[in-house]
Amino acid sequence: MKRVAFVFKSAPHGSVSGREGLDALLATSALTEDIGVFFIGDGVLQLIPDQQPGLILSRDYIATFRVLPLYDIEQCYLCAASIRERGLSPERTWVLDAKPLEPDALCEMLHQFDVVLTF
């Protein structure tokens, strides 16, 4: 079975990329158990809790990331440099329990996957 990585690089609002990625991730979980999820660049913003997308007439899907452990998706990583660049702290509360990694370690982890899908 191939190892599949999902990379979220876009902000949660302003495009449907994050929602489409989450839908693809949940669908893929029915086919394989070896899935990794990476949040890089503006993708780290996908995991900030208590967002109010309704105020900009957007759909709220961010809380759905909380269910990933129920689908046995436990390999979740945040780019520590991306967190710092956005003035956030890795110790803050995130929607999903994801491990912050420095870029070199994140890249090394990502290269362990056979297929990489970017959203």
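A word on the model: it is predicted, so local features need pLDDT of at least 70 and side-chain atom pairs pLDDT 80 or more, while totals for chains, interfaces and linings use all residues. Residues are numbered from 1 along each chain as its sequence is written, and side-chain values use heavy atoms, without hydrogens and water.

Now the ring pairs. The structure has 7 aromatic pairs, meaning rings of Phe, Tyr or Trp (its six-membered ring) with centres within 6.5 Å; planes under 30 degrees apart are stacked, over 60 edge-to-face, the rest tilted.

Take Phe6 and Phe119: their centres are 6.1 Å apart and their planes at 10 degrees, so this pair is stacked. Phe6 is in strand β1 (residues 4–8) and Phe119 in the segment after β5 (115–118), so the pair ties together parts 113 residues apart in sequence. Strands are DSSP runs of E, at least two residues, numbered from the N terminus.

Is Phe6 buried or exposed? Phe6 is buried, with a relative accessible area of 0%; buried means under 20%, exposed over 50%, partly exposed in between, with a 1.4 Å probe and protein chains only.

Next, Phe8 and Phe65 have ring centres 5.4 Å apart and planes at 85 degrees, so they are edge-to-face. Both Phe8 and Phe65 are buried. Finally, Phe6, Phe8, Phe39, Phe65 and Phe119 form one aromatic cluster.

Definitions and conventions: Helix = DSSP H or I, 4+ residues; strand = E, 2+ residues; numbered from the N terminus.
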